[in-house]
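Morning, everyone. I have one structure to walk through today. Let me put it on the screen.

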Amino acid sequence: MSNEPKPPAGLLGRLRRAAVDTRPLAVPAYRRVLFGQGASLVGTMVTEVTVPVQIYSMTHSSLYVGLAGLAGFVPIVVFGLYGGAIADMVDRRLLCLWSSLVTWAVTIALLAQTLLDARSEILLLVLVAVQGAGFATASSARGAIIPRIVPYEMIPAANTLSFTVSNIGQILGPLVAGVLLTFPHGFAYAYGADAVLFTVSLYSTFRLPAIKPAGAAAGRGVSAVLEGLRFIGGSPVLLMSFGVDIAAMVLAMPNALFPEAAATRFHGGIGLLYSAVAIGSLLAGLCSGWIAGVRRQGVALTVAVVGWATAITLAGFTHALWLAVLFLMLAGAADLVSAVYRQTILQTWAPDEMRGRMQGVFTVVVAGGPRLGDLRAGAMAAATTLGIAWSGSAMLCIVLVILGSLAVRPFWRYDAYENHDPGERHPKSDSDTPGPAVPEQETPAGPVR
């Protein structure tokens, strides 16, 4: 008979079950990942706000802001895929550390070009491209680390905590940038703050234990990348999870329009616009205990993405800053839910020897998609109007996601517990303090690919 205390009944019990699940914080290695991620995200968001504002201040064109998204997209695709393949062959901690050093060096270069008053949008685009390469490689390695340092049953909770901390960074970063950019030499202050915070993140990554591959990858280089893409191509569930995210980011991501909206529609509020989505995600994360209990994750992911695009559409129709921020916060709440399910489906579906490559594709979609969205939004705003570029394609996103999810039956019917193959044992924990053991079970038939 179990000696575990029963959860309290009534309202208190329901509130406790809804609260964010903090069990993964008991794993020291995961705490280090979370701490480093939080520090780097604050600085990264300061830079991600500062670069488009600096470009817009020089060119007064949303199209150029969109081109910054394109400049970052190509290296994210190349290094996200190839970096993921490398993450399946080498110590993931070292790969994350060295690629993060590249990103840190770009931040120093951004600071230098500002201090030297270079005033070159071309130089900024080149630095954004190099930064994208380092970011994509580090993200592929970092995402593949989490399933190795927490038990299987804690993966949704660990992802929720990670996204919640990321959202704190995405709130603080734009707000800090909004304050710093009001000062003389504000661009230099912003890039300097990012450099300091990223140094903290580097130290946190350095303190992680070694995360060597649990199994040997079947191929190397391009062949390993192609092997990973073939694995995804044989899985309608993975394909659709990526597809709905691409639709959400490319068709319903208004970030490139924020500088123009702040300047011409709202007459200020750039920091609020950039941070509103993250505020909504943070609030959703604080009451996210229910997320791990949802079995039909394909349905839940579809509903979350439709909610995201609907809120974005409504935000684009309003001319009141406070109402736009409110709708963006609702979009952020939906985005937190969709992000957790996308990441969890990916991490639990793929075996460990594939996780680096899967995270590489995930990085391409999650980080590359918004950059294509920036290009799409900037080009549409230049060719049509701000309102059409903001809300028009978001409505198209709603239609495509609903039709696509209903058409791909394995994705719509996906059950996280029925489709999980318990025959794949959770690898021995690489953390300082191993988490609870996962009981071995007989291997049933695996998921339908």
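Start with P370. At 16% relative accessibility, P370 is buried, because the cut-off for buried is under 20%. This is a predicted model, so keep that in mind throughout. P370 sits in helix α14, residues 352-383. What does P370 touch, leaving aside neighbours within four places in sequence? The contacts are M249, M253 and V365. P370 and G72 lie 298 residues apart in sequence, yet their C-alpha atoms are 10.0 Å apart in space.

Now step back to the whole protein. How many helices and strands does the secondary structure have? It comes to 16 helices and zero strands. The protein has 449 residues, and buried residues make up 57% of them. Next, contacts between residues at least 6 apart in sequence. Of these, 85% join residues at least 24 apart.

On to the core. The largest nonpolar core holds 86 residues. Which members touch the most other members? They are L238, W308, I312, L328 and W390. Helix α13, residues 321-349, gives this core its largest share, with 11 residues. A second, separate core has 16 residues, including L34, I146, V150 and I155. As general background, nonpolar side chains in soluble globular proteins tend to be buried together.

Next, L386, in helix α15, residues 386-407. Is L386 buried or exposed? L386 is buried, at a relative accessible area of 10%. Its contacts, again not counting residues up to four places away, are L257, E260, A261 and R265. With E260, the C-alpha separation is 8.1 Å, across 126 residues of chain.

E260, A261 and R265 bring us to helix α10, where they are among the buried residues. Helix α10 runs over residues 258-265. It is mostly covered, with six of its eight residues buried. Besides those three, the buried set has F258, P259 and A262. After α10 comes H267, with a positive phi near 55°.

Back to α13, for G332. G332 has 0% relative accessibility, so it counts as buried. Beyond four places in sequence, G332 touches V277, G280 and S281. The C-alpha atoms of G332 and I312 are 9.4 Å apart, and the two residues are 20 apart along the chain.

Now a helix pair. Two packed helices are described by the angle between their axes and the distance between the axes. Our pair is α9, residues 236-251, and α12, residues 297-317. The angle is about 5°, and the axes are 10 Å apart. Which residues meet? From α9, we have S241, V244, A248 and M249. From α12, we have L301, V305 and W308. By class, this contact has six nonpolar residues, one polar and no charged. Two names here have come up before.

Helix α5 next, residues 121-149. Its 29 residues reach 42 Å from first C-alpha to last. That is close to the 42 Å expected at 1.5 Å a residue. How many of its residues are buried? The count is 22 of the 29, so α5 is largely enclosed by the rest of the structure.

Last, two loop residues. H60 has a positive phi, near 55°, and is not a glycine. H60 lies in the loop between α2, residues 28-59, and α3, residues 62-87. H60 is exposed, at a relative accessible area of 59%. D117 also has a positive phi near 55° in a residue other than glycine. Its loop runs between α4, residues 92-115, and α5. D117 is at 54% relative accessibility, so it counts as exposed.

That's my tour. Questions, please.

Note on methods. Residues numbered from 1 in each chain as written. Predicted model: local features only at pLDDT ≥ 70, side-chain atom pairs only at ≥ 80, totals over all residues. Heavy atoms only, no water. Core = buried A, V, L, I, M, F, W, Y, C linked by side-chain atoms within 4.5 Å. Buried < 20%, exposed > 50% of the residue type's maximum accessible area, 1.4 Å probe, protein only. Helix = DSSP H or I, 4+ residues; strand = E, 2+ residues; numbered from the N terminus. Contact = heavy atoms within 4.5 Å. Axes fitted to C-alpha atoms, helices over the stretch in contact; angles between N-to-C directions. Nonpolar A, V, L, I, M, F, W, Y, C, P; charged D, E, K, R; others polar. Expected span 1.5 Å × (residues − 1).
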